[in-house]
Amino acid sequence: MSGEHEYPVVAEGLRKTFRHTRRSGLPDKLAVDGVSFNVRKGEIFGLLGPNGAGKTTTIKMLSTLLIPDEGSVRILGMDGIKDVKNVRQRINLVSGGERGLYYRLTGRQNLRFFANLYDIAKVGQEALIDKLLDIVGLTEAADIKVEDYSRGMKQRMHIARALVNDPEILYLDEPTIGLDPEIARDVRSLIRKLAGSGKTILLTTHYMFEAEELCDRIMIISKGRSVGYGTVAELKKMVPDTNIIEVVTNDDPHDTVAKLSSEHFIQHVNTERIAGRHCTRIQLKDRTDLLSYLDTVFSKYGIRKIGYDEPTLEDIYISLVGGEGQEDGGHHR
Amino acid sequence: MNVKAITAAFRQQGTQFLADPQWIIPSIIAPFMFTVVALYMYSGAGELDSPIVLTAVLGGGVLGMWGNMLFSSGFTITYDRYNGTMEPIMLTPTHLIDVIAGRSVWNVFIGMINAVLVFISAQLIFGVGVSVADPLLFFPMLLMTLFSLASIGLMLAALFVLTRASYVITTILEFPIYVFSGALFPITALPEALRPISYIFAPTWGVDALKTAAISGYNTPMASFGIWFDVLMMFLLIAVYIIASYFLFMRIERNIRESGTLARY
Ligand SMILES: Nc1ncnc2c1ncn2[C@@H]1O[C@H](COP(=O)(O)OP(=O)(O)OP(=O)(O)O)[C@@H](O)[C@H]1O
Ligand SMILES: [Mg+2]
């Protein structure tokens with residue numbers, strides 16, 4: 001099977017510590033601590049985890065931007081650490097956020113610049129650029145300077161830039177961050193289309209519904225380590241559905257919720273106001289039957305509905321990650 | 001050498017330059033002012049097309065271009081870092097040095113425009129033409145001198161990243177060329193022990209070649225070997241600077257891949 005790789009991305013035991021300068025006095029930071037996984041051809045693979053969990057660091061190690069301290073990376077059968085030039089020709093990366101384009105150039109000029117850095121032949125270059133602009137829906141804005149683009153247009157331009165070398169593997173680091181719901185939906189359908197056309201996609205996101213909607217398989221990492229790996233259905237089996245109780249009440253139950261959250265048998269509680277009602281989702285630590293207990297506790301708020309519920313990806317995420325923040329003492333890049 | 005990437009970076013820099021008029025100040029107006037000041041200072045010293053005035057104009061021009069080159073080199077990588085474009089560039093198979101080189105070539109281009117401007121305005125402001133003895137030799141020499149400045153700029157662009165102290169270095173480096181290149185006063189005025197520094201400095205040979213081409217009868221200890229010796233020395237030194245830059249940039253790319261960022265300030 002030459003040329004075809006069942007697993008275009010194979011990460012083995014990746015480990016990375018950031019060493020701070022002596023002058024800064026900060027301790028070294030173990031960002032990724034032995035992560036292994038592989039991504040199938042044409043699938044959308046999700047890397048989830050709290051802030052500072054090591055997602056971006058992992059993506060950088062898989063995209064030649066960062067050399068791991070330990071472990072190996074195989075990209076389309078090539079050595080992802082040593083064979084940099086060939087790997088770079090066949091992958092690309094979009095990082096969420098506004099930066100990363102030349103603001104005083106037009107969209108087209110930006111694409112032309114990057115096309116040349118990928119050594120795309122001049123013949124056909126303009127046609128390629130037109131095609132990319134069309135894919136991301138920026139044909140009309142092609143000759144406007146990027147500084148006049150909206151946030152959503154910039155994000156789509158980032159994606160166009162990342163498609164310039166027709167990569168077989170596309171890394172998307174928080175591709176919908178800061179986008180309004182409608183634009184985010186467009187970006188998601190674009191991602192699905194790209195995967196449909198045979199590209200292998202690895203993405204990170206903080207939006208669980210997005211991961212649930214897009215991803216074939218997921219790895220959840222916390223503090224640099226994998227805490228869950230598999231399809232959404234497989235991950236859901238990790239939390240039995242009798243563990244989730246949902247209570248819908250007329251009145252705001254926040255004082256009871258506050259009390260419950262410190263109880264030892266509770267993994268997580270949160271309340272949301274939906275259409276004038278208060279919807280409380282309670283994740284229990286064990287399979288203990290607390291339905292009647294909770295029924296009594298919540299009765300004073302006027303229960304509209306109470307019962308067990310299927311776990312969502314968000315429930316699983318919370319139970320695996322444990323709800324604790326990962327960012328240490330506020331030092332940032 | 002990746003000509004396509006160099007050309008692309010040249011165009012990117014050029015388009016950006018034209019879209020942002022503030023760049024006109026360091027890259028065109030400043031070198032021009034240098035020259036005009038030099039002209040005024042020396043115009044009492046003799047006829048306007050006398051060697052001493054011409055020397056001053058040349059010296060001023062070279063210094064102005066040096067200032068511009070230094071400023072652009074110090075700024076170029078910082079710009080991509082803050083702009084967030086360093087990562088997308090690093091992601092491509094193109095080496096960073098080719099992108100920075102393309103921008104340096106743009107600086108050479110601006111330098112040439114500068115020189116033409118200076119010659120035209122010397123004519124207009126001072127009436128008397130600043131006549132160049134051998135224009136056919138002068139402009140190629142100017143181009144080569146600019147390339148020698150650009151190749152130092154390339155090397156410095158890399159050093160700036162590795163040392164983190166680009167502002168300090170820019171300021172410190174602005175002066176040695178005043179002293180060692182012979183642009184302001186002949187290097188024969190330097191103590192014997194310091195002269196070797198001048199000789200490993202490619203622009204010194206450029207300044208010498210420019211004077212040889214511009215002033216008939218000009219001669220210095222360096223010129224006694226003839227203008228082609230200047231050219232040879234420039235060639236050699238430019239090659240050395242570029243090779244040094246190449247290794248520095250390899251180191252930078254390695255550093256970035258190890259630490260995840262460039263040196264932080
Ligand atoms: N270049 C760097 N130097 C030092 N520490 C770093 C560097 N890059 C990341 N870190 C640290 O490594 C840890 C993991 O960071 P990383 O960016 O991979 O997290 P993440 O999962 O992408 O988080 P987020 O969801 O906030 O994007 C964090 O504690 C971060 O502060
Ligand atoms: Mg991140």
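**Stop 1: where the chains meet.** Colour chain A and chain B separately and look at the boundary between them. Keep in mind that you are viewing a predicted model. Together the two chains bury about 3300 Å², and 55% of that area lies on carbon and sulfur atoms. Now select A:Tyr102, A:Arg104 and A:Leu117: in chain A, these lose the most area to chain B, together accounting for 21% of what that side buries. If you select every residue in contact across the boundary, you will pick up 40 residues of chain A and 35 residues of chain B.

**Stop 2: pairs across the boundary.** Show side chains next. How many salt bridges does the rule find across the interface of chain A and chain B? There are two. To see a salt bridge, select A:Lys60 and B:Glu87, whose side chains meet with 3.8 Å from N to O.

**Stop 3: chain A's side of the boundary.** Select β1 (9-18), α2 (84-90), β6 (91-95) and α3 (107-117) of chain A; each supplies at least two residues of the side that touches chain B. Which element gives the most? Highlight α3(A), the top contributor with six residues. Colour this side by class and you will find 17 nonpolar, eleven polar and twelve charged residues.

**Stop 4: chain B on its own.** Chain B has eleven helices and zero strands. Of its 265 residues, 56% are buried.

Stop 5: Bring chain A back. In soluble globular proteins, nonpolar side chains tend to be buried together. The largest nonpolar core in this model holds 152 residues, and A:Tyr171 and B:Phe249 touch the most other members. Select helix α6 of chain B (residues 135-163), which provides the largest share of this core, 16 residues.

Now zoom in on B:Phe249. Beyond its neighbours within four places in sequence, B:Phe249 is in contact with B:Ile77, B:Leu96, B:Ile97, B:Ile100, B:Leu154, B:Ala157 and B:Ala158.

**Last stop: a second core.** Select A:Ile245, A:Phe265, A:Leu290 and A:Phe298. These belong to a separate core of 13 residues.

Definitions and conventions: Residues numbered from 1 in each chain as written. Chains lettered and ligands numbered in written order. Predicted model: local features only at pLDDT ≥ 70, side-chain atom pairs only at ≥ 80, totals over all residues. Heavy atoms only, no water. Core = buried A, V, L, I, M, F, W, Y, C linked by side-chain atoms within 4.5 Å. Buried < 20%, exposed > 50% of the residue type's maximum accessible area, 1.4 Å probe, protein only. Helix = DSSP H or I, 4+ residues; strand = E, 2+ residues; numbered from the N terminus. Contact = heavy atoms within 4.5 Å. Buried area = accessible area lost by both parts, 1.4 Å probe. Salt bridge = Lys/Arg side-chain N within 4 Å of Asp/Glu carboxyl O. Nonpolar A, V, L, I, M, F, W, Y, C, P; charged D, E, K, R; others polar.
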